[in-house]
Structures are given as structure tokens and as C-alpha cells.
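Please keep the structure in view while reading.

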Amino acid sequence: MKKENNLKKPSIFWIALFFLWLKTVIVGVTQFNITIENMNQFIILILNPLPILMLVITFLLRRKESRQTYYMLVFMTLASIVLYSNVVYYREFTDFITIPLLFMGNNMADLGSSIHTLVKWYDILFFVDIVIAGVLIHKWEKAGKVVKYKHRFKDLRPYYAVIIILTIINVSLANVERPQLLTRTFDRELLVKNLGVYSFHLYDAYLHTASQAPRVFANESGLEEVNEFIGENQPSIEKDLYGIAEGKNVIFVAAESLQDFVINETLNGEEITPFLNELVEESYYFDQFYHQTAQGKSSDSEFLINNSLYPLARGGVFFSHATNEYYALPEILNENGYYTASMHGNNGSFWNRNVMYNQFGYDDFYTKDDYEITEENSVGWGLKDIDFMEQSVEHMLDMPQPFEVKLITLTNHFPFDLDEEDMYIDRFDSNSNTLNKYFPTVRYMDESIKVLFERLKEEGLYEDSIIVIYGDHDGISSNHNRAMGQFLGEDVTPFVETQLQQVPFIIHIPGMEGEKISKVSGQIDVRPTILHLLGIEVENQTIFGDNIFSEDYEEFTILRNGNFITDEIVYVNEVCYSKETGEPTDDEKCEPYLDRVHEELEYSDKIIYGDLLRFDGRNHNNEDTDESDNESETPDANDVDTMKEELQEENAS
Ligand code: GP9
Ligand code: MN
């Protein structure tokens, strides 16, 4: 048979390409909220799925002709699965999947309880085209319409020429729209908008591979360079408060999904957080405090608080760099005579905590095996917060003092399920079921924190402790902006959306009045702020945060997506907003900060990618442990008992 080129004839090439392309464009517009602002962006949207889809399909055309239909349908299915997985993930996180996320097997499995609310029956439509394509090919093949043969490279040259031309157009247009597109990798929304979801995944795969290499090539000079950038990295001192909480127990409460907008707010005339509202009156309450987390959510907040470094833009540093050296808060506190533990009524392996905690230096990790969990005292993701608090205080009674513990709450987690008996307030009434359910679970968490305080007082632990409460990240994503606007009584503009990234940060020191501190700050500042109160100075540390209490503290907080906030402006997706008006203002006002933002995030990444803290000249307590040991080790119960005894003796002498 003469090998004619069949670009124009009905072929499975065109069928597969047409359906996949159409679906990708429709999904882009309807599911990923990709907004089209000009003609250029419209052309990019139409173009960007084509080159990569064509490339794969031409590859399949070179297979045996009898297998081609099969391969084509398998490819259509795989591409649809990629697309659909992103849709489901996007519904919850308004973000796209990255490769490191896929390795978080445990988390994905545990997310099961949320998944059912994210999957809709009509999602079957995402796969319907595969069936239609299969039927069409079958029919047309029978009628002798479809041209199929094993293509040689030569036959495909016109296709390749088209692929190259389309790629050049796509990249050039994208470059006009978004210079430095590929270097600003923390902005996934823009990457997907310009490259399309499939090429984004390819690029992400490249990033993943490339991020593994720096560790091998890193040396001391890398750390020196970062330290030079940070400059004098000792947090500034504020003499009135320095050491005010010296020797006290430190009880951190990681308040799941707690955003600041609920504080001092009512719903149907009832306070949403009555206990916290009282508490902020007698505590240091930072009401301009931002979470700085990315895809690693809760674990990112822990990373920030313990290290005063930024988490990664993609994936979770708890997974990708859990065997790095860190000089984390628990390690510092251990050196200062503290016993340290994290407590959580969930699996130890969630977020790979049981591995990462070794590097942070926690003496112990209380997980769901250490709690009495029954059907009655569980909801949603596990142990209810009130029961968790009660049982955690019991555990604290056995701990050597001073201790640092972190209580990781769970009930106020998406999808915000709650038993009827635990509903202290009614749901909100809007088109977002998620937001409606959020308020009663926040109210429930508030109650659990009240129980914590009561129990600490009853057990005599309160006076010797400081209690530090922080929201770990947002609970209501931008998918619910309309409903959120209804609650707030204003449109949720990008400016408002950024302000919604504020989470409460409360430091309660028994016996002190406290005050409201309205300085722009973030989770990166928690460690130096707390160490300052404890009167612990750390030599030679590499951190990006500062003591918020200090007079020299600079109000400049960088979010992990490259947006930033100062006392006067808010920079969101390349638009500079005035805080005073909430409206866009002169770019010049934001300009001076732009380089610093990029540099700071890049230097922080460098520390993680290059594992640079192994060069800080410290003998980290896990230095002798070889990597294979690190994989599985959390201190077991016997070790912990011995260690507790040793610590108690040490502290007594
Ligand atoms: C799971 C809990 C929730 O252990 O910390 O994690 P999140 O989904 O919020 O990151
Ligand atoms: Mn969380």
C-alpha cells in the first residue's frame, strides 16, 4: 500500500485529539476558574493542550496498526484520569497536583473521608468522550473510513512541524503574558494557565528530578551565602518581655483550619468563638498574622513554626526532605532542659510526621495509639478535640517539666463533620455547604480550647505554662468566595482574599494582661518570638523570622505564593493594593520589595534542597543515625520512659 500522508483523512489521530483537546479546554474554563482577560490569553488557552497531546498521539501512531485503537483509548483514559484528579484536588485546595504530593500515599488514603464530598455523580461526564470515541472508531473502521497504518517517522514530519510551530507560538505568547513564567514555579495557577495542565505535569516532573540534585553539589559556602543574605540573624530584643516566661512549659495548640475572621464575630447573634474572644482580652493577640503554608498544609505550618524557614512551593517538605538536618525548636528546647513532644489523635505517619519529627528532635510523639479512641468520641477525621484535650492533659501529668508540647487539633477539618450533640451554634445559610458547616466546628474547637484551659487549671499545670495558639492555615478556600462574601457583607476581591489568609496567633501568659498587637507578621516569626519570651538566645542560627515584640521588627510578611503584605500595601498576583482603600494603587509602592521576596524564598528553598543545615557546625542529636534508621524511627515507649527518667534526674540535679 502506498504510504500516503493522511493528515486530512479521518483517523484515530484526529478523533483522540479532538475529544481530549475539547475536554481539556472546557475543563480549564469551567473547573479551574481560568479567567480570560484578553485575546492573547484566549489563544493560549486554546493552544496549550495541543502540542503535548499531538506528540503523544503521533508516538502511538508508530505502534502496530492492530493495537493503535487500543493504545489510543488507553491514552485517552489516562489523560482523563490526570485531568479529573486535578479537578477533584482543585475543588478542595484551589491548586494542582504535584509529583511530591503523589508520594504522600498515607495522606491520600486518609483523605478518604473528605473525598466523597468532592466527587459528584455527574463527574462521569469527564469520561463519556472515551466511550463516544471508541464507538465512533469502531463504526468508521467497519465502514472502511478510518485510515490506520504503522507510521514511519518520515510520514509524521508534517505533524512534528505543526507541533513545533504550535509550541513556539504558545511559549512566545505565554512569555508576553507572564515573563519569567518558568522560574516563578510557586505560582502553579499561572503555569497551568499558560502551559496547560499536561505540560505543567511534565514540567513538574522535571522540577522534581532537578530538585534532587542540589544536595549532592552543596557545601558550606551555600550556607554562608544564605547567612550573608539574612545578615545579622539574631532576633532583636525587647527588654520588657525578654525571658518573661523563662522555664515555663510551652503548650502549643495548632488550631486546625482556624482563620482570623471568626474572632469577635457573631453568627445569628451568637459568638462563634466565645472562649477565644475572652482569651484574646487577656493575652498577646496578633491580629495581623498570616499563615504562610502551601501544599503541605498542617505540616507546612509545623515546619514554619519549628524552623522559621519557608516550606516548599510544591509538595510537602515533610515528605520530600524529611531526612535533612534541621536545627528545630524542639532540639533547641531539649538543649535548654525541656522535654518535648507532639500530640495528635491521628496516624503517626500522616504527613510523614513520624520521620520528620526525628530530625526536629522531639523526644516523643503521642499518636492515636496513645489515645483511647472509640466510636462515640470520634467524628470526621478521628478523635474529637474535647476528648483529645482531656486525654492530652492526662499525658502531660506524666511528663517531666518544663515541657514543650504541641497539641494538633483535628475536628475543625474539612469537610467539617460534627455530631448533633456537639453543635453549639447553627450552621450558616449560603450556597456553600462547606462554609455553612465550618462555623459549628469552629465553635466546637473553641469549646475544646476552653476545656484545655479548665483541665490545666484543675491539674495545677496552668500557672507554670504559657499557651500558644495559632491557626495552621485557611479552612475555606477561594472556591467559596461567593458564600464568604455573603457572610462578610462585601465582595471577596483578591485583596480581601489575601486578608482572609490571616489566622489567629495568641500567646497567653498566666498572670499577664497581654495586649492586641497589630503588626503584620507570620508563622515564620513564631519561633524567635517564643524563644525571646523564654529568654533563650540561639547562636549562629539560620532563620527568616524575627521577634514580633521587638521595636526593630519590620512589618513585611511574604506568603509562600510570592504575594506579600506590609503595613501599607498588599501585593497579590502582581497587583499592588493599598491597604487603606483596598483598591489597586501605584506599582511603585510594591516595586522595592519584589526582589527581596524572590530572593528570600529562593534562599530558604536552597537550604532545604541543598540540606545546608548539615554544614552549620552543630552536632545535631541525630547525626549518628544513618539514613536507613531514620526511615522508621520514632522513639518507642521504653526508650521514652528511660529518657524521661534521665531528664527528670537531670532537671532535679
Ligand atoms: C492530619 C491533620 C490535617 O494529621 O494534621 O492535615 P491537613 O489536611 O490540615 O494538612
Ligand atoms: Mn491543617
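The points below are grouped by topic and describe a predicted model.

In this model, the manganese ion (ligand 2) is held by side-chain atoms of Glu256, Ser298, Asp472 and His473. Glu256, Ser298 and His473 include donors to the metal, and Glu256, Ser298 and His473 are also among the residues around ligand 1.

**The manganese site**

- Glu256 supplies two OE atoms to the manganese ion (ligand 2), while Ser298 contributes OG, Asp472 contributes OD and His473 contributes NE2, at 2.0 to 2.4 Å.
- The angles among the 6 donor atoms run from 55 to 170°, and the site of the manganese ion (ligand 2) is irregular.
- For reference, ideal angles are 90 or 180 degrees for six octahedral donors.
- Along the chain, the donors of the manganese ion (ligand 2) are spaced as E-x41-S-x173-D-H.
- Distant parts of the chain are linked by the pair Glu256 and Ser298, which are 42 residues apart. Glu256 sits in the loop between strand E1 (249-255) and strand E2 (266-267), whereas Ser298 belongs to helix H15 (residues 297-307).
- Glu256 counts as buried because its relative accessibility is 2%, under the cut-off of 20%.
- Ser298 likewise counts as buried, with a relative accessibility of 9%.

- The residues around ligand 1 are Glu256, Lys297, Ser298, His344, Asn346, Phe350, Trp351, Arg353, Trp381, Leu410, His413 and His473.
- By class, this shell consists of 4 nonpolar, 5 polar and 3 charged residues.
- An N or O atom in the side chain of His344 lies 2.5 Å from an oxygen atom of ligand 1.
- For His413, the distance from a side-chain N or O atom to an oxygen atom of ligand 1 is 2.7 Å.
- For Trp351, the corresponding distance to an oxygen atom of ligand 1 is 2.9 Å.
- Ligand 1 taken alone exposes 310 Å², of which the protein buries 97%.

- Thr409 is located in the loop between strand E10 (403-408) and helix H20 (433-458).
- Because its relative accessibility is 0%, Thr409 counts as buried.
- The Thr409 side chain reaches the backbone oxygen of Ala254 at 2.7 Å.

Methods:
Residues are numbered from 1 along each chain as its sequence is written. Chains are lettered from A and ligands numbered from 1 in the order in which they are written. This is a predicted model: local features need pLDDT of at least 70, side-chain atom pairs count only at pLDDT 80 or more; totals for chains, interfaces and linings use all residues. Side-chain values use heavy atoms; hydrogens and water are left out. Donors are N, O and S atoms within 2.8 Å of the metal (3.2 Å for Na, K and Ca); water is not among the atoms, so sites may look incomplete. Four donors count as tetrahedral if all angles lie between 85 and 135 degrees; four count as square planar and six as octahedral if opposite donors are over 155 degrees apart and all others between 65 and 115; anything else is irregular. Helices (H or I, at least four residues) and strands (E, at least two) are DSSP runs, numbered from the N terminus. Buried means under 20% relative accessible area, exposed over 50%, partly exposed in between (1.4 Å probe, protein chains only). A residue is near a molecule or strand if one of its heavy atoms lies within 4 Å of it. A polar contact is a pair of N or O atoms within 3.5 Å; within protein, one must be able to donate a hydrogen and the other to accept it, and residues adjacent in sequence count only if both atoms are side-chain atoms. Accessible areas come from the Shrake-Rupley method with a 1.4 Å probe; for residues, only the protein chains shown count as cover. Ala, Val, Leu, Ile, Met, Phe, Trp, Tyr, Cys and Pro count as nonpolar, Asp, Glu, Lys and Arg as charged, and the others, Gly among them, as polar.
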